[in-house]
Amino acid sequence: MDASEITMAIQDRLCQAATLLVYQGVLGDRIGKSFLELLESLSTQDRLTCLYAYGRWFQALAARGQSWQEYLVAQILADANPFSQQAQQVPLTDLPAPLVAAAQQDLMVLHSLYQFSGEQIAKWVQIAAQLSAPPVAWNSGKIADTPPIFTSLATLAAHYRQHGVGIFAGDRAFRWQSGKLVGIHHPDPIQLSELVGCESQKAVLLQNTDFLLAGYPALHVLLYGSRGAGKSSLVKALLNHYRESQLRLIEVAKSDLADLPAIADQLRPVPQKFILFVDDLSFEEDDEAFKALKVVLEGNITARPQNLVVYATSNRRHLIREFFGDRPRPRDADEIQVWDTVQEKLSFSDRFGLSLTFEPADQTTYLEIIHHLAAQAKINLTPEDLEYRALQWATRHNGRSGRTARQFIDFLRSELAISEPSISRVC
């Protein structure tokens, strides 16, 4: 293939890429843009421009750690566009015919781009830049068999329904930050099997989450009680328990509770199921966040989205602070129905459909947690020695709780690993 033939082939690919109608976003990031710039430079046969463009494309792929083919497939599976957004909610046969036809056309174009190999691109760069040898090719070699997403819209639509699109395709945990959802790429790996002493609360929370995932009405949940009892860990462990489901977890800080109605509206049309996780919840009097949360819990004239619930943790049973001065004593200019105000404060937690209580761990429960975690960590100590150390730790540190038990086991595992190198580390 000489330079003129390369130019014609490249220009043909550029024209094809320009015809993308619904999957334009696939080539919209750094790798995609650098690839189009490389094709443009190859078509002009400018030596230096071509070499610089190839370097930028190579570096972008290297930073991602993917081949061109892997990148392209990942982009298609995550791209949020009119076809993918509707295909995850509506049967393929019910989608508008022009939209389906446009998606099919775009996939044909993307398949032609998928067939480029690193070796082929490097060879073209060698010819265009008149090099004596081709530059290093990124992940060169045989192209993998054509994935079914290029040939079966039904397969692609099924993927969108199961895994979502856009930000929800890439991550399962998020935080609401500066008015938008931000993906958490490395969520807490805590497992339900690691949590001991809260079996009844665990069973209720799992059942309620099953209702949510099955599309039935699920209740908002308040988890309250002793610090370090595993309230937050239990909520976070749900994400790992339902790893293969449509469940997503969104952490909302108390300072952002005023945004809850906006978050709910954003999630309403999405098929995934969401837990809005609010940790360490409590309010001062006349707190605006209180009003925003009340709207989400009880609803207003707008119907509550059926694909989300609020799971909140608190060390307080009554979430709004009450003072003795709030209690009714007849004075001039006092509210006449002051008991109504007091009752509104005390009853706010009742607006959660479920309230799960976490009692302080007694010594028996604390030691049960210690033995369970020690077994998982493969700590080789006699039961007597383990219990003695655990009780000493609780006395000198934060008292008996699940959190204290985990801190003790983490410390003990590290201590034993350093003092006895033969003990294997457990990740």
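## Close-up views of a predicted model

**Figure 1. The residues lining the largest pocket divide into ten nonpolar, 14 polar and ten charged.** Here Ala, Val, Leu, Ile, Met, Phe, Trp, Tyr, Cys and Pro count as nonpolar, Asp, Glu, Lys and Arg as charged, and the others, Gly among them, as polar. This is a predicted model, in which local features need pLDDT of at least 70 and side-chain atom pairs count only at pLDDT 80 or more, while totals for chains, interfaces and linings use all residues. Residues are numbered from 1 along each chain as its sequence is written, and side-chain values use heavy atoms, leaving out hydrogens and water. The volume of the largest pocket is about 620 Å³ (the space filled by probe spheres set on grid points, which are joined across faces, edges and corners). Look for Gly228, Ala229, Gly230, Lys231 and Arg403, which are the closest to the pocket centre among its 34 lining residues. A pocket is an open set of points on a 1 Å grid over the protein atoms alone, where a 1.4 Å probe fits, with protein on both sides within 12 Å along at least five of seven lines; lining residues have an atom within 4 Å of a point. Two or more lining residues come from each of α11 (231-241), β6 (308-314), α15 (363-376) and α17 (402-419) (helices are DSSP runs of H or I, at least four residues, and strands of E, at least two, numbered from the N terminus). With five residues, α17 gives the largest share of this lining.

**Figure 2. Helix α11 is mostly covered, with eight of its eleven residues buried.** The buried residues of α11 are Lys231, Ser232, Leu234, Val235, Ala237, Leu238, Leu239 and Asn240 (buried means under 20% relative accessible area, exposed over 50%, partly exposed in between, with a 1.4 Å probe and protein chains only).

**Figure 3. Strand β3 (residues 221-225) pairs with both β6 and β7.** Five of the five residues of β3 are buried, so this strand is largely enclosed by the rest of the structure. Val221, Leu223 and Gly225 point one way from β3, while Leu222 and Tyr224 point the other way. β3 and β6 run parallel and are joined by four bridges (strands pair if DSSP finds at least two bridges between them). Leucine 223 has threonine 313 of β6 as its bridge partner. The pairing of β3 with strand β7 (residues 354-358) is also parallel, over five bridges, and here valine 221 is the bridge partner of leucine 354.

**Figure 4. Strand β1 (residues 173-177) pairs with β2 and β4.** Five bridges link β1 to strand β2 (residues 180-184) in the antiparallel sense. Two residues lie between the strands of this hairpin, where serine 178 has a positive phi near 55 degrees. With strand β4 (residues 247-251), β1 pairs in the parallel sense over three bridges. Keep an eye on alanine 173: its bridge partner in β2 is isoleucine 184, and in β4 alanine 173 stands opposite leucine 249.

**Figure 5. Alanine 122 sits in helix α7 (residues 118-129).** Alanine 122 is buried, with 2% relative accessible area. Its C-alpha lies 5.5 Å from that of proline 134, twelve residues apart in sequence. Leaving out residues up to four places away in sequence, alanine 122 touches Tyr54, Pro134, Pro135 and Ala137 (contact means heavy atoms within 4.5 Å).
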